[in-house]
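I opened my notebook to record what I looked up in this structure, entry by entry.

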Amino acid sequence: MKKQSMLSIFSNTLYSLAMLISALLITWGILSTADFFYPTFYQWLDIGQTISEFGPQNRYKDGFETTIMAQHVEYFSQIVTAINNGGDGLAQISYPYLGQPIALLREAEVRHLQDVANLMSKLFIGGGTVFTGLLIVIGLKIKRGRQFSSIKAQLVQLIGFVIVLLITCWAIGFKTVFYWFHEVAFPTENDWFFYYQDSLMTTMMKAPTLFAPISAAMVILCCIVFVVLNWLVSILNSRINESLLPAG
């Protein structure tokens with residue numbers, strides 16, 4: 001019995017982890033279509049003021065401070081689209097100045113964003129594989145009449161995981177964790193840190209400040225998607241079980 005209990009806990013934990021990864025994949029897709037709420041966070045963080053201050057100080061690009069919010073939103077959207085498409089189009093993003101198109105990104109910035117795109121492509125493949133496996137497991141569990149972990153139990157696990165993660169990041173320092181992740185995730189030969197005076201990308205994103213509300217939005221939406229996925233599985237399981245009951 002103890003062995004079966006341990007196997008059940010292990011199985012349910014893997015199931016919850018697969019659900020979480022699938023929820024993150026879906027969350028990324030949803031937020032991508034909304035450009036990660038960049039227009040909203042642009043106003044909250046007064047990114048326009050940041051561009052007005054540091055645009056004229058840029059050592060490599062002229063005139064970006066003459067652009068307006070609508071253009072900045074479009075450039076951010078193009079970057080998101082390029083990242084989700086393997087980096088295609090990053091070098092072609094440009095802004096107008098004195099009647100001429102100026103490349104928004106320097107070569108070093110294109111390389112960094114290409115690294116991000118490569119990482120996301122790997123995560124998409126891995127996440128897609130997990131999601132496919134999850135669908136198979138759900139089908140098998142329903143077919144064999146196995147019980148699923150309750151939504152409440154999984155939500156408690158998820159909230160506990162998020163709290164532990166946040167406390168850990170807070171204790172270490174969110175900026176320290178952010179920099180550590182970049183050092184681990186990206187090739188050491190490519191730059192990933194850019195001063196505002198050297199990068200319109202960094203200026204336009206008010207990095208790393210912008211990533212705080214984006215991360216919060218991802219966590220909140222991921223929790224919602226996680227609950228919805230479990231609710232849908234629960235409904236599907238109940239409907240199928242009801243249809244298998246003998247009539248009368």
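**Entry 1: a loop residue.** I looked up D35 and noted that it counts as buried, because its relative accessible area is 14% (buried means under 20% relative accessible area, exposed over 50%, and partly exposed in between, with a 1.4 Å probe and protein chains only). D35 lies in the loop between helix 1 and helix 2, where helices (H or I, at least four residues) and strands (E, at least two) are DSSP runs numbered from the N terminus. I also wrote down that the phi of D35 is near 55 degrees, a positive value in a residue other than glycine.

**Entry 2: how I read the model.** This is a predicted model, in which local features need pLDDT of at least 70 and side-chain atom pairs count only at pLDDT 80 or more, while totals for chains, interfaces and linings use all residues. Residues are numbered from 1 along each chain as its sequence is written, and side-chain values use heavy atoms, with hydrogens and water left out.

**Entry 3: two more backbone details.** I reminded myself that most residues other than glycine have a negative phi, and that most peptide bonds are trans. L98, which is not glycine, has a positive phi near 55 degrees, and I found L98 in the loop between strand 1 (94-97) and strand 2 (100-103). Is L98 buried or exposed? L98 counts as exposed, because its relative accessibility is 71%. I then noted a cis peptide bond between A207 and P208, with omega about 0 degrees, and placed P208 in the loop between helix 8 and helix 9.

**Entry 4: a helix pair.** I looked up helix 4 (residues 69-84) and helix 5 (residues 107-143), which pack at an angle of about 50 degrees with their axes 8 Å apart; the axes are lines fitted to C-alpha atoms, for helices over the stretch in contact, and angles run from 0 to 180 degrees between N-to-C directions. The two helices are therefore oblique to each other (under 35 degrees counts as roughly parallel, over 145 as roughly antiparallel, 65 to 115 as roughly perpendicular, and the rest as oblique). I79, I83 and N84 in helix 4 meet L113, V116, A117, M120 and F124 in helix 5, where contact means heavy atoms within 4.5 Å.

Entry 5: Leaving aside neighbours within four places in sequence, I found L104 in contact with several residues, among them F64, Y75, I79, L200 and M204.
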